[in-house]
Each structure stands twice: as C-alpha cells, then as structure tokens.
Amino acid sequence: METPILRMAGEPEDSNELYIKREDLLPFSMGGNKVRIGEAFFDDMKQKGCDCMVIYGSRHSNLCRVLSALCKSRGVPCVMICSHEDGEEQEITNNTLLVDWTGTEIVHCRKQEIAAAVEEVMNRQKARGMAPYYIFGNKYGTGNEGTAAGAYAEAYKEIREYERRRGFSFDYIFLPSGTGATQSGLICGKLLMGGEASIMGVMISSREYGRAREVVREGVASYFEKTGKSLPEDYQKEIHLLDQYRQGGYGRYDVRIEACVREVYCRDGVALDPVYTAKAFWGMKEYLKEKQVEGKKVLFLHTGGGPLFYDYLTKREKASL
C-alpha cells in the first residue's frame, strides 16, 4: 500500500526542495490517510471480538467516509455519530453523501453532547445483541489512541526507505494535525527507526493547544504500551504543533487558503481541500517564510480529502452565479 513521494515545482523564489507524499492516492474510498487508520481500527475491532462499529466525526469527516465504506464492503453494521458546533452551517458535504450511500445509521448531536450520544448508541447496539466497537475507546474518546498511531508508525517506514534510495534525509515533514493520530504515528516511527526530520503538525481544528499536544503525546505513549516497546524518556521533544495557521478553527478558511487551493492545483496538478490539506500546506509555507528556512528538504504529507476539494469547487461555482 505504498504511496509515491514526488518533487513539487515550488515557487520560483523558493530555495527549499519541496516534496509531497501522495496518501490521497491510496486505492480505497477516494484514498487519504484515513484508509490506513481505518484498516487499523477494523483489525483492532476484529481482534477484540466485536461485530459492529461506532464511528464519530463531523459532516466533513474523511475518517467516517472511509470507515463507513469499509464496514459496508465487509458486511459490518456501522453507526456514525455526527457532531455539530453551535452556529455551524449544516449544508450537506460529499463525505456525508458517501456515508449515506453505505446505509450507515447517522446520529446527530451537538459538540457538547458527544459523550452522551456515544453511550446511548453503544447501549442501543448491545440491546440489539451486538458487540459494538467505538473507534476512540471510551465515551470520552480516550483509550484507543495507539491503534490509529500504529498505522503511521508503519507508514513512516516508506519515508525512511525513500530517503535511503535517494541518499538524503528530509529536514522537515509537515502535515495537517486534527485528531493527532497521523502525527503520533509518524513520531512513533521516528523514535523507532530514526531520521533527521522534524515532524510538524499544522493544527486545523479549534482544539485548545495544550489539549492537542496532550492528544499527540497520548497517541505516542499508547502505541508503545500497546506494542510492548520501550518509550524513550525524552520522546516529547519530538512533538511540534503549529497553532497559528488554523484560521479560526475546523472547516474555517479565508482567501489565502482558497488561493493556496488554486495555486497548488495549477502549478502541480495536486488537489488540496480548504478544511485539511490546503490549510496545512499554506501554514507550512508561512512557517518556512517566517522562520527564514532556506536550502532544506521538506516533505508535505497529503492526507487526502478529495470529496472536500469538490465541495469547495461546487461552493465557489454557486457563489459566482
């Protein structure tokens, strides 16, 4: 399931060598990092003897798109808990349409009602005679961080193998950081396999910085505990989170992010979305400029989100009418 790493054109004045790892090309449910993470959750569910899956996300959720498709293709009942923030627009997204296609049961709740909704759904599935598996552990969303992190501890091997073949090391790896699972996994991979790159998570949500950092830390610690490996004492020095580029929180963006979507597509033929990847790509470019980083090899992890790219195109087309 290896995905390509490609050199990007970059801007004419840019002295850094910019590369992109195309996780969006993973061959299931329109790809993305959630394909690897979804497989990890599915394997864990089976190992625990569960026979139905309870998933969680917003109407933008790439994870719910992938997990609902995995469950449908393998004949496993699936329930999605879909949360909404106060004042959030409620338009249908392509991801929620794809979840609908799979016949997944959708339970709506407000952001502050998630734990109660999880508990209610889990109890209802048990009353139906099922053994439900909630992807994030307990009703508060903790206890299963190591499972998702494991997917990108494995994927990190591909980056190291690419470096070996090319005879160089990346100086930075940038990626969108939402749930923290992908970043946790990459950090686990680096702790186990070495490497020179600083792994830089660009925050795309409204989660408080301290909590976001703790989520990444928990993911790393949980993976090492789950696998019985020895966790280095100084592992937290590998946690790098950038919270200054999130544009007000999850799903929010401005003309700078929109410009990034257009520019990367026109220059490199790569589709980014304004919720996750374009926001992180723009944040990466701003960071490199602000810190005056020059002459470095930089890798951007494209975590996918094709349906959200088309959401953006549709929204722009309607706005222009």
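Strands (E, at least two residues) and helices (H or I, at least four) are DSSP runs, numbered from the N terminus, and two strands pair if DSSP finds at least two bridges between them. The model is a predicted one, in which local features need pLDDT of at least 70 and side-chain atom pairs count only at pLDDT 80 or more, while totals for chains, interfaces and linings use all residues. Residues are numbered from 1 along each chain as its sequence is written, and side-chain values use heavy atoms, with hydrogens and water left out.

As for E10, 5 of its 6 residues are buried (under 20% relative accessible area, with over 50% counting as exposed and partly exposed in between; 1.4 Å probe, protein chains only), so E10 is largely enclosed by the rest of the structure. E2 and E10 run parallel and are joined by 6 bridges; Glu17 has Lys297 as its bridge partner in E10. Strand E7 (residues 172-177) also runs parallel to E10 (residues 297-302), through 3 bridges. Here Tyr172 sits opposite Val298, and Phe174 has Phe300 as its bridge partner.

Contact means heavy atoms within 4.5 Å; axes are lines fitted to C-alpha atoms, for helices over the stretch in contact, and angles run from 0 to 180 degrees between N-to-C directions.

H5 (residues 145-166) has a helix partner as well: its axis and that of helix H7 (residues 209-227) come within 8 Å and cross at roughly 85 degrees. That makes H5 roughly perpendicular to H7 (65 to 115 degrees; under 35 is roughly parallel, over 145 roughly antiparallel, and the rest oblique). On the H5 side, the contact is made by Glu145, Gly146, Thr147, Ala149, Gly150 and Ala153, and on the H7 side by Glu218, Gly219, Ser222, Tyr223 and Lys226.
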